[in-house]
Structure formats: structure tokens, C-alpha cells
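Open the model in your viewer and keep the sequence panel beside it. We will go from stop to stop, selecting a few residues each time.

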Amino acid sequence: QVQLVESGGGLVQPGGSLGLSCQASGSILTIGVMGWYRQSPGQQRELVARITDGGDTNYADFMKGRFTISRDNAKSAVYLQMNSLKPEDTAVYYCKGRIFTRQFRTDDYWGQGTQVTVSS
């Protein structure tokens, strides 16, 4: 019914930048809050940043101004620009969306994840 597909992960050197994209598709009426989460091996999945459909944002403390979340409601997409990357940012990054579907249900949907590796 609904799919979220991330793209843009990869290998980057410390101090570098990377941009992630997440595209939602399927039986969608509206999308509420969208967010990015990440999970490192042996760690719990944690919030990176989220954004409402009105554009209000909040970030995890470890961002310290390095990451920026944005969205394009017309494209059902959310983005994460990551700057000044550190090795500890290495993780699988997932996008999540709270979606109201054409079946008149509201559920949280996750993407499959995209690997970000920060290493020299």
C-alpha cells in the first residue's frame, strides 16, 4: 500500500557531507510528521530529526547544528542534509512517516534503511 524508499547513503570521509532522500508512494492521502532515525550495530534505533507537515522541526541533541531536515509535501519526500560528519555518525539511517491512507487509516511507515559510513 505505502512504501518509503531512502536513497543517498554511502561512504564519506570525516568532515564530509552527505544528503539523504526519502520518497513516499502508494495509497497516500496525507502525510503528517516525517522523521529520520538511525541505528548502529548493537544500539537502539534513535531519533535524528523530524519535521511536521507545517515545517516545524526538532533535532536530537547530538546534531549540534550539523544536520538539516526538510521536506517537500508536493513530492511526499523528506530530506536530511548531513554536514561535518563524524565516524560516530556511521549507522543505517531510516525514514519514517505518519501516513493517512486512502483506506482511511493512519499508521507509521518505515523505509528499508540506507547505510551511511563515515571513515577515512
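Is Cys-95 buried or exposed? Cys-95 is buried, at a relative accessible area of 0%; buried stands for under 20% relative accessible area, exposed for over 50% and partly exposed for what lies in between, with a 1.4 Å probe and protein chains only.

Before moving on, a word on the ground rules. This is a predicted model, where local features need pLDDT of at least 70, side-chain atom pairs count only at pLDDT 80 or more, and totals for chains, interfaces and linings use all residues. Residues are numbered from 1 along each chain as its sequence is written, and side-chain values use heavy atoms, leaving out hydrogens and water.

**Stop 1**

Cys-22 sits in strand S3 (residues 18-26) and Cys-95 in strand S9 (residues 91-101), so the pair, 73 residues apart, links distant parts of the chain. Strands here are DSSP runs (E, at least two residues), as helices are (H or I, at least four), and they are numbered from the N terminus. Cys-22 is buried as well, with a relative accessible area of 1%.

**Stop 2: the nonpolar core**

Now select Trp-36, Leu-80, Met-82 and Tyr-93. These are the residues with the most contacts inside the largest nonpolar core, which has 29 residues. Such a core is a set of buried Ala, Val, Leu, Ile, Met, Phe, Trp, Tyr and Cys residues joined through side-chain atoms within 4.5 Å. Among the strands that each supply at least two residues of this core are S1 (2-7), S5 (46-51), S8 (77-82) and S11 (114-118). As background, nonpolar side chains tend to be buried together in soluble globular proteins.

Zoom in on Leu-80. Leaving aside neighbours within four places in sequence, Leu-80 is in contact (heavy atoms within 4.5 Å) with residues including Leu-20, Trp-36, Val-48, Phe-67, Ile-69 and Tyr-93.

**Stop 3**

From Tyr-93, step across to Arg-38. The side chains of Arg-38 and Tyr-93 are joined by a polar contact of 2.9 Å. A polar contact is a pair of N or O atoms within 3.5 Å; within protein, one must be able to donate a hydrogen and the other to accept it, and residues adjacent in sequence count only if both atoms are side-chain atoms. Arg-38 belongs to strand S4 and is buried at 6% relative accessible area. Beyond four places in sequence, the contacts of Arg-38 include Glu-46, Glu-88, Asp-89 and Ala-91.

Select Ala-91 next, in strand S9. Ala-91 is buried, with 1% relative accessibility. With near sequence neighbours (within four places) set aside, its contacts include Gln-39, Thr-114 and Val-116. Draw a C-alpha to C-alpha distance from Ala-91 to Val-118: the two are 8.8 Å apart in space and 27 residues apart in sequence.

**Stop 3: the aromatic cluster**

Which residues form one aromatic cluster? Select Tyr-37, Tyr-94 and Trp-110, and you have it. Rings of Phe, Tyr and Trp (its six-membered ring) pair if their centres lie within 6.5 Å; planes under 30 degrees apart count as stacked, over 60 as edge-to-face and the rest as tilted. The count comes to three aromatic pairs. For Tyr-94 and Trp-110, the centres are 6.4 Å apart and the planes at 85°, so this pair is edge-to-face. Tyr-94 is buried at 13% relative accessibility, whereas Trp-110 is partly exposed at 35%.

**Stop 4: serines in loops**

Finish with Ser-27, in the loop between S3 and S4. The side chain of Ser-27 makes a polar contact of 3.2 Å with the side chain of Gln-103. Then try Ser-76, in the loop between S7 and S8, where phi is near 55°, a positive value in a residue other than glycine.
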